[in-house]
Amino acid sequence: MADSRETLTINAFVAGYPIKHSRSPIIHSYWLKKFGISGSYEAVEVRPDDFPNFIATIRAQGPGSAVGGNVTIPHKEAAYRLADSPDEVAEEEGRLHATNTDGYGFVSNLDERHPGWDKADRAVVFGAGGASRAVVQSLRDRGIGEIHILNRTVERAQELADRFGARVFSHPQGALHEVMQGAGLFVNTTSLGMDGTEAPELDFSPLAENAVVTDIVYVPLITPILQMAQAQGIATVDGLGMLLHQAKPGFKKWFGQMPEVDETLRSIIIADMEKH
Ligand code: ATR
C-alpha cells in the first residue's frame, strides 16, 4: 500500500505569470534532494484569465496529483478569493487552503541573520504597497511597539495604518528623518534601488544604537539602500533570505519536513542570480 510519504511521489508547484525566472523550483528541489524525498516541484506559467481554471483542475485531480503550491504575482489576491479557507492552519481533506508566507519569510530571515532585532520599540517601514502590508502585519504580530509607515503617496500609507489600527502610524515620505528618530529597525519595501534604479540619499543617523536596516529587494543583493546603511556603519540584512525562508512552510506542508536555509542554498541562488 502506497500510503506513506516515503513511498509516494509528492508533487507541488509555483504558479505565476511570468514564471520563467522563479527560483522556487531550485529551492524546493534542493530540499527534496537533501531529505531524499521522492517528489517534484515545478514552475507553471498560468495566465491571469486561466487562473480560476487552474485552481479548478488542482481541486479536481485529488490525491496523487499536486498537493499544493505557491502562487505568486499576479495571482496572490485571486488565490485568496478562490480558496475555501484563506489563512486557516487546520488541515482538512479535500479543502483548499491559502496562506501568505511573505511575512513569515520576512521575520524568519531577520531572526536568522540578526537575532534580537525584535527588541526594537519602533520600526520604520518605507513603502505602502503589497509587500509592505505583509511586513507591517508580521511586525505587528511580533509585538513591535510602534510601526511607522512612510510613503510617497501618503494616502496608501494611511490606508494601511487604518487597517492595522493602534500602534501603526502613517506619514508622508518627507517625514523620514524625523520618524527614524530612535527606531531600531528600518525596512525598505519600495522598489527604489531595484534592478539598478536609483535610490535617494538616506541619512540613518537618527536610528537607535544597534539598529538594523533591511531591504526586501534582493536584486541586487546589496541594494543602494543597504550600501548607504553599511557606509554609515549600520548593520544590514539583505532580502534574499526572505525569499528562502518564505519557502519553508510550504515545503513542510507538502513534503512533511521543516527545511533549513543554509549557506549552500544561499550560494546556489546567488549563482543563479548572477546568470540572469
Ligand atoms: P509591491 O507590491 O511590490 O509593494 P507596489 O504595490 O507597486 O509593489 O508598491 C511599490 C512601492 O514602491 C510603493 O510604496 C511606491 O510608492 P507609491 O505608493 O507612492 O507609488 C514605492 N515607489 C515606487 N517608486 C517610487 C519612487 N520613485 N519614489 C518613492 N516611492 C516609490
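## Two domains

The C-alpha centres of domain 1 and domain 2 lie 27 Å apart. Domain 1 covers 4-101 + 247-275 and domain 2 covers 103-242, with bounds from an automatic or database domain assignment. Where they touch, domain 1 puts in 13 residues and domain 2 puts in 14 residues; contact here means heavy atoms within 4.5 Å.

Keep in mind that this is a predicted model, where local features need pLDDT of at least 70, side-chain atom pairs count only at pLDDT 80 or more, and totals for chains, interfaces and linings use all residues. Residues are numbered from 1 along each chain as its sequence is written, and side-chain values use heavy atoms, with hydrogens and water left out.

## Around the ligand

There are 13 residues around the ligand (a heavy atom within 4 Å). Ala 128, Asn 151, Arg 152, Thr 153 and Arg 156 are the closest. Sorted by type, the shell has three nonpolar, eight polar and two charged residues.

On its own the ligand exposes 650 Å², and the protein buries 66% of that (Shrake-Rupley method, 1.4 Å probe).

How values were computed. Ala, Val, Leu, Ile, Met, Phe, Trp, Tyr, Cys and Pro count as nonpolar, Asp, Glu, Lys and Arg as charged, and the others, Gly among them, as polar.
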